[in-house]
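Dear colleague,

I am handing over the structure we spoke about, and below it you will find my notes on what turned up when I went through it. Please read them with the structure open beside you.

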Amino acid sequence: MVRILEGETLGHHADWLNISTRDLRQLNGIPYGKHINLSQKVIIPFERIDKTAFTERRYEFHKKLIDDFLNMYDIIGIQKYHIRKGENIWRICKTKFNVPIWLMRKFNHTLDLNDLKKDQMLLVPLIEKVNDV
């Protein structure tokens, strides 16, 4: 079983496992058309590929996401931010700071970002788009 990370879809997992998305949905009881959520647990069958190969494929996918992001943006500083009532990591990253969740995790690795509490402090990386030369 794995948790869904930012940027992943069931299609990605199915590709990495050499199975159909339909089969992966069936195994996990996820109806067609229903989206998966960040941090959702998904049962992963290792019948057609071993765990090491799956992990390598997943790692390469995320490495490319990170590399692509870091080629487009510079991290120019850090800002302290206190969680407000009702906020979650997705909303903070996407609507407040426009920062990927994986980057927020790197700056707050000791916090459980899936269980944020009011008044808890986050370190928010400040980013700036790299100028094309």
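How many residues apart are D67 and K63 in helix α3, and what separation along the helix does that give? Before the answer, please keep in mind that this is a predicted model. D67 and K63 are 4 residues apart in α3, which means that about one helical turn lies between them. In general, an α-helix has 3.6 residues a turn, so residues three or four places apart point the same way. The two side chains form a salt bridge, with their closest N and O atoms 2.9 Å apart. D67 counts as partly exposed at 31% relative accessibility, and K63 likewise counts as partly exposed, at 33%.

In another salt bridge the side chains of D119 and K118 meet at 3.4 Å, N to O, and here both D119 and K118 are exposed.

Turning to helix α4 (residues 89-97), the buried residues there are I89, I92, C93 and F97. They lie on the same side of α4, because they cover an arc of only 90 degrees around the axis. The elements that cover these buried residues include β3 (73-82), α5 (101-107) and β4 (121-129). At the N-terminal end, α4 is capped by N88, which has a side-chain oxygen 3.1 Å from the backbone nitrogen of W90. Just after α4, N98 takes a positive phi of about 55 degrees.

Finally, there is S39, which lies in the loop between α2 (21-28) and β2 (41-42). Is S39 buried or exposed? S39 counts as buried, because its relative accessibility is 11% and the cut-off for a buried residue is under 20%. Leaving aside residues up to four places away in sequence, S39 touches R3, I4, R105 and N114. With R3, the C-alpha atoms are 4.8 Å apart in space, although S39 and R3 are 36 residues apart in sequence.

Methods. Residues numbered from 1 in each chain as written. Predicted model: local features only at pLDDT ≥ 70, side-chain atom pairs only at ≥ 80, totals over all residues. Heavy atoms only, no water. Helix = DSSP H or I, 4+ residues; strand = E, 2+ residues; numbered from the N terminus. Buried < 20%, exposed > 50% of the residue type's maximum accessible area, 1.4 Å probe, protein only. Contact = heavy atoms within 4.5 Å. Salt bridge = Lys/Arg side-chain N within 4 Å of Asp/Glu carboxyl O. Arc of directions from axis to C-beta. Polar contact = N/O pair within 3.5 Å; in protein donor to acceptor, adjacent residues only side chain to side chain.
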